[in-house]
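User: Hello! I am new to reading protein structures. Could you take me through this one step by step?

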Amino acid sequence: QVQLVESGGGLVQAGGSLRLACAASGGTFSNYVMGWFRQAPGKEREFVAALRWDIRVYADSVKGRFTISRDNAKNTVYLQMNSLKPEDTAVYYCAAGQRFGRSRYDYDYWGQGTQVTVSS
């Protein structure tokens with residue numbers, strides 16, 4: 001069983017940056033596909049980014065602004081978010097799974113989420 005704990009959320013002005021971190025425990029971290037999703041109030045949870053080995057995929061809405069990375073020695077995955085926009089406001093969730101996909105159903109383990117709020 002894998003446990004995931006996110007950190008790094010907060011309040012930032014539009015155009016600013018945040019870096020989210022997700023610490024994993026309870027499994028062989030390097031074996032998992034790691035992903036980030038987000039959910040805004042009243043909306044479905046949506047894909048943000050995923051990383052498998054050195055292959056990264058991003059949602060079109062964040063491409064060029066967000067970067068996913070991982071440190072296997074620290075069992076941690078990161079999401080660097082630059083040029084933030086008010087529409088990026090959401091709860092951000094870290095996820096781990098065996099399938100490299102954009103669907104929430106591709107992932108087996110989830111963190112509790114961290115709030116990101118971008119003010120205009």
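Predicted model: local features only at pLDDT ≥ 70, side-chain atom pairs only at ≥ 80, totals over all residues.

User: Which order do the strands of the open sheet have?

Analyst: Strands of a sheet pair through backbone hydrogen bonds, in a parallel or antiparallel way. Here four strands form an open sheet in the order β1-β3-β8-β7, with antiparallel pairing. Strands are DSSP runs (E, at least two residues), numbered from the N terminus, and two of them pair if DSSP finds at least two bridges between them.

User: Which strands stand at the edges?

Analyst: β1 (3-7) and β7 (66-71) do; each has a single partner strand, so one side of each is left without a neighbour in the sheet. Elsewhere in the sheet, β3 (residues 18-25) and β8 (residues 76-81) pair over six bridges, and Cys22 stands opposite Val77 in β8.

User: What does a disulfide join in this structure?

Analyst: In general, a disulfide is a covalent bond between the sulfur atoms of two cysteines; the cut-off used here is a pair of sulfur atoms within 2.5 Å. The structure holds one disulfide, joining Cys22 to Cys94 with an S to S distance of 2.1 Å. It links distant parts of the chain, with Cys22 in β3 and Cys94 in β9 (residues 90-97), 72 residues apart. The torsion about the S-S bond is about -80 degrees, so this disulfide is left-handed.

User: Is Cys22 buried or exposed?

Analyst: Buried means under 20% relative accessible area, exposed over 50%, and partly exposed in between (1.4 Å probe, protein chains only). Cys22 is buried at 0%, and Cys94 counts as buried at 0% too.

User: Which residues have the most contacts inside the largest nonpolar core?

Analyst: In soluble globular proteins, nonpolar side chains tend to be buried together. A nonpolar core is a set of buried Ala, Val, Leu, Ile, Met, Phe, Trp, Tyr and Cys residues joined through side-chain atoms within 4.5 Å. The largest one here has 36 residues, and those with the most contacts inside it are Leu4, Trp36, Leu79, Met81 and Tyr92.

User: Where does Asp106 lie?

Analyst: Asp106 lies in the loop between β9 and β10 (109-110), and is buried, with a relative accessible area of 15%.

Notes
Residues numbered from 1 in each chain as written. Heavy atoms only, no water.
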